[in-house]
Amino acid sequence: MTQKVAVLGTGKIGEALLSGMIRAGWSPGDLLVTARRQERAEELRARHGVTPVTNQEAAKTADTLILTVKPQDMGTLLDELAPHVPADRLVISGAAGIPTAFFEERLATGTPVVRVMTNTPALVDEAMSVISAGSHATAGHLAHAEEIFGAVGKTLRVPESQQDACTALSGSGPAYFFYLVEAMTDAGILLGLPRDKAHDLIVQSAIGAATMLRDSGEHPVKLRENVTSPAGTTINAIRELENHGVRAALIAALEAARDRSRELATGTKD
């Protein structure tokens with residue numbers, strides 16, 4: 001692994017990616033970082049042994065640029081980078097909603113761009129990273145992106161037209177589960193359990209259920225039916241979920257997330 005990789009705008013996800021790459025065998029000497037604050041850059045150097053640089057230095061020296069700034073800040077970053085990015089640089093975008101064409105229009109003609117939507121479980125090496133090629137990206141570029149993001153979890157290639165849907169499902173997905181755990185914990189307290197015990201019960205149930213979904217090969221309906229006995233506790237709970245429109249609310253919520261992902265591509269902030 002001799003290619004130099006630069007992470008620009010290194011926040012929590014960017015740092016998780018760096019640490020995962022180092023654990024996977026990348027040399028810290030081949031990893032460059034940029035950060036808005038100098039103190040943050042020095043913190044990354046001290047913690048991981050990576051090299052802080054300016055955005056312009058990263059553009060000139062790195063073989064791969066991973067852009068992790070907020071979608072609203074991407075245009076400004078590209079204006080700064082464009083004069084310094086040769087057409088043979090691989091540019092990887094981790095910004096929600098922004099299509100590869102946005103980058104291709106602002107960078108040198110022929111610049112390969114790969115779009116990646118990862119999620120916060122990258123912090124524990126359980127990310128789901130969805131990868132799409134721009135018009136100039138080759139299979140080799142996609143494989144390189146998979147090598148990088150595979151260091152912090154699983155990867156999946158999809159057509160770029162599906163990226164907004166993937167953002168709604170997996171990019172924002174962890175927040176939905178955290179929200180559900182929060183609500184179930186409150187319910188446990190209402191039912192008379194201490195918060196810590198309710199939390200432990202729900203978290204382990206979630207881990208077990210997720211493992212069964214991943215490893216059993218069974219459809220979720222089948223797994224749910226295995227828990228749902230006639231006239232039992234589970235079917236009564238599910239009836240209430242259906243009465244309150246939980247399924248419809250989830251579908252509407254994911255549609256709203258997809259629509260906001262599309263809006264971000266236009267620079268809409270509110």
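**Entry 1: Asn55.** I began with Asn55, which sits in helix H3, spanning residues 55–61. I was working on a predicted model, and I kept that in mind throughout. The UniProt record, an unreviewed entry, puts a "binding site" annotation on Asn55.

Is Asn55 buried or exposed? I found a relative accessibility of 17%, and because buried means under 20%, Asn55 counts as buried.

Next I checked its contacts, setting aside neighbours within four places in sequence. Asn55 touches Leu8, Thr34, Leu77, Glu80 and Leu81.

**Entry 2: the second largest pocket.** I then turned to the second largest pocket and noted a volume of about 1300 Å³. Its lining has 48 residues, and those closest to the centre are Gly9, Gly11, Thr68, Val69 and Lys70. By class I logged 20 nonpolar, 19 polar and 9 charged residues in that lining.

Which elements supply at least two residues each to the lining? My list has helices H1 (12–23), H2 (38–48), H4 (74–81), H7 (163–171), H8 (173–190) and H12 (246–264), plus strand E6 (113–117).

I also looked at the domains: domain 1 (5–159) and domain 2 (172–265) each give at least three residues to the lining of this pocket.

Entry 3: Last, I went back to the UniProt record, where the unreviewed entry places the domain feature "Pyrroline-5-carboxylate reductase dimerisation" at residues 160–264. In the model, I found this stretch to be 83% helix and 0% strand.

Technical notes
Residues numbered from 1 in each chain as written. Predicted model: local features only at pLDDT ≥ 70, side-chain atom pairs only at ≥ 80, totals over all residues. Heavy atoms only, no water. UniProt positions renumbered as here; feature names shortened; annotations may be inferred. Helix = DSSP H or I, 4+ residues; strand = E, 2+ residues; numbered from the N terminus. 1 Å grid on protein atoms, 1.4 Å probe; cavity = no way out; pocket = protein on both sides within 12 Å on 5 of 7 lines; lining within 4 Å. Points joined across faces, edges and corners; volume = space filled by probe spheres on them. Nonpolar A, V, L, I, M, F, W, Y, C, P; charged D, E, K, R; others polar. Domains from an automatic or database assignment. Buried < 20%, exposed > 50% of the residue type's maximum accessible area, 1.4 Å probe, protein only. Contact = heavy atoms within 4.5 Å.
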